[in-house]
Amino acid sequence: MCNGATSLVFESVPTFPNPDRFWQIVEKFKVNSFYTAPTAIRALMKEGEKWPQGRDLSSLRVLGSVGEPINPEAWLWYHKYIGGEKCPITDTWWQTETGGILICSLPGAWPTIPGYATLPFFGVDARALEPRSSADQPAKDVPVNEQGELCIARSWPGMMRGVFGEPERFFNTYFVQQPGFYFSGDGAIRNEDGYFRLMGRIDDVVNVSGHRMGTAEVEAALNSYTTAVAESAVVGFPHDVKGEDLYAYVILKSGVEGSDALKKELVAHVRKEIGPIASPGKIQFVSGLPKTRSGKIMRRILRKVAAGALDELGDTTTLADPSVVDEIVKGRQ
């Protein structure tokens, strides 16, 4: 806006009255920069390619992704059907607390990789660190291509200065887990080129039989079964033997019917992509997921349903579609 650009803010859901609502707006107003969340992209993938193909999207020059990790399948669909394989995608990582984007792919500056936010912004010293049990332990980067805790080593302009009236809460939330660093609470993988792949919140890590794994990795494996799966959400739930097990909520593509045979196919696919330890113990086919109006999945609700704590779901009236929760509860495995 400081540069005189016109900003269009969309309110409502992208599938009403038809799944081309976004693309109608792009066509009508000749939008050239489009920024949305992976959840919205996956929801539109479910409806098929005919909707964006029926609109003129030639005005688009750059695409953006924000709010959560984008899986490679969604990235490739976005690039092909929305960007026409000509628009760069800038996958951005930031938080309200950071005051701006800290990791992102800059169009034309360096190559992109589907699913990776790529490199830290200029001057930002991002690290993927091993967890520390005490402040006496030295900070240690995780090995290449292994998940660690995303931290920032130096301060930056726009950094949050505190929580009003609660300085101890601010300190304990962001500076205790990794002393000397800003602790983001997100998990990340750093590859051999220094590119970062965001793996979701660290509290979304599940311990199955002593093996720690991020639920985002299991979701990516499920979503890569592109012949049937439109979107998924994976959470942990208590298990008598394993300690925790994986519960997968899966949205199928239009025209695909859920069945026990398909559940077995999905488990086999995850075993192939990651390994037997990542096999979901339960799979529930759903028509939708509980999301905020901004498109973020309310995993707290999914965890409570999976654990059978149905009296602890909390307030669901702020969801984009509260009725989805009732359906999920009725279909609980």
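**Reading the features of a predicted model**

Mentor: Let us begin with two rings in one helix. Phenylalanine 170 and tyrosine 174 are separated by about one helical turn, because they lie 4 residues apart in helix 5 (residues 167-174). Please keep in mind throughout that this is a predicted model.

Trainee: How is a pair of aromatic rings described, and what is the arrangement of phenylalanine 170 and tyrosine 174?

Mentor: In general, one gives the distance of the ring centres and the angle of the planes. For phenylalanine 170 and tyrosine 174 the centres are 5.6 Å apart and the planes stand at 55 degrees, so the pair is tilted. Both residues are buried. They also belong to a cluster in which ring pairs link Trp156, Phe170, Phe171, Tyr174, Phe175 and Tyr182.

Trainee: How many aromatic pairs does a search of the whole structure find?

Mentor: The search finds 15 aromatic pairs. One of them joins phenylalanine 22 and phenylalanine 34: their ring centres are 5.3 Å apart and their planes are at 70 degrees, so this pair is edge-to-face. It links distant parts of the chain, since phenylalanine 22 is in helix 1 and phenylalanine 34 is in strand 1, 12 residues away.

Trainee: Are phenylalanine 22 and phenylalanine 34 buried or exposed?

Mentor: The cut-off for buried is a relative accessible area under 20%. Phenylalanine 22 has 10% relative accessibility and therefore counts as buried. Phenylalanine 34, with 11%, is buried as well.

Trainee: Which residues does phenylalanine 34 touch, leaving out those up to four places away in sequence?

Mentor: Its contacts are Phe22, Trp23, Val26, Leu60, Val62, Leu63, Gly64 and Tyr78.

Trainee: What is the general idea behind a nonpolar core, and which residues have the most contacts inside the largest one here?

Mentor: In soluble globular proteins, nonpolar side chains tend to be buried together. The largest nonpolar core in this model has 20 residues, and Trp23, Phe34, Leu60, Leu63 and Ile82 have the most contacts inside it. Helix 1 (21-29), helix 2 (38-47) and helix 4 (72-82) are the elements that each give two or more residues to this core. Helix 4 provides the largest share, 5 residues.

Trainee: How do the side chains point along strand 1?

Mentor: They alternate along residues 33-36. Strand 1 pairs with strand 2 (residues 62-65) in the parallel sense over 4 bridges. Within strand 2, serine 65 is the bridge partner of threonine 36.

Trainee: How should I read a sheet, for instance the one with the order 11-12-13?

Mentor: One reads the order of the strands, then their pairing. This is an open sheet of 3 strands with mixed pairing. On average, neighbouring strands are turned by 25 degrees against each other, direction ignored. Helix 7 (residues 260-273) packs on this sheet and touches strand 11, strand 12 and strand 13, with its direction at about 120 degrees to that of strand 13.

Trainee: In what sense do strand 12 and strand 13 pair?

Mentor: Strand 12 (residues 243-252) and strand 13 pair in the parallel sense, over 5 bridges. Tyrosine 247 stands opposite lysine 282 of strand 13.

Trainee: What does arginine 299 show about a polar contact?

Mentor: Arginine 299 is in helix 8 (residues 299-307). With 15% relative accessibility, arginine 299 counts as buried. Its side chain is joined to that of glutamate 219 by a polar contact of 2.6 Å. Apart from neighbours within four places in sequence, arginine 299 is in contact with Asp204, Glu219, Ala233, Val234 and Val235.

Trainee: Finally, which backbone angles deserve a second look?

Mentor: Most residues other than glycine have a negative phi, and most peptide bonds are trans. Here the peptide bond from phenylalanine 16 to proline 17 is cis, with omega near 0 degrees. Proline 17 is in the segment before helix 1. Lysine 30, in the loop between helix 1 and strand 1, has a positive phi near 55 degrees. Asparagine 145 has a positive phi of about 65 degrees and is found in the loop between strand 5 and strand 6 (147-152).

Notes:
Residues numbered from 1 in each chain as written. Predicted model: local features only at pLDDT ≥ 70, side-chain atom pairs only at ≥ 80, totals over all residues. Heavy atoms only, no water. Buried < 20%, exposed > 50% of the residue type's maximum accessible area, 1.4 Å probe, protein only. Pairing = 2+ DSSP bridges. Core = buried A, V, L, I, M, F, W, Y, C linked by side-chain atoms within 4.5 Å. Contact = heavy atoms within 4.5 Å. Axes fitted to C-alpha atoms, helices over the stretch in contact; angles between N-to-C directions. Polar contact = N/O pair within 3.5 Å; in protein donor to acceptor, adjacent residues only side chain to side chain. Phe/Tyr/Trp six-rings, centres within 6.5 Å; stacked < 30°, edge-to-face > 60°.
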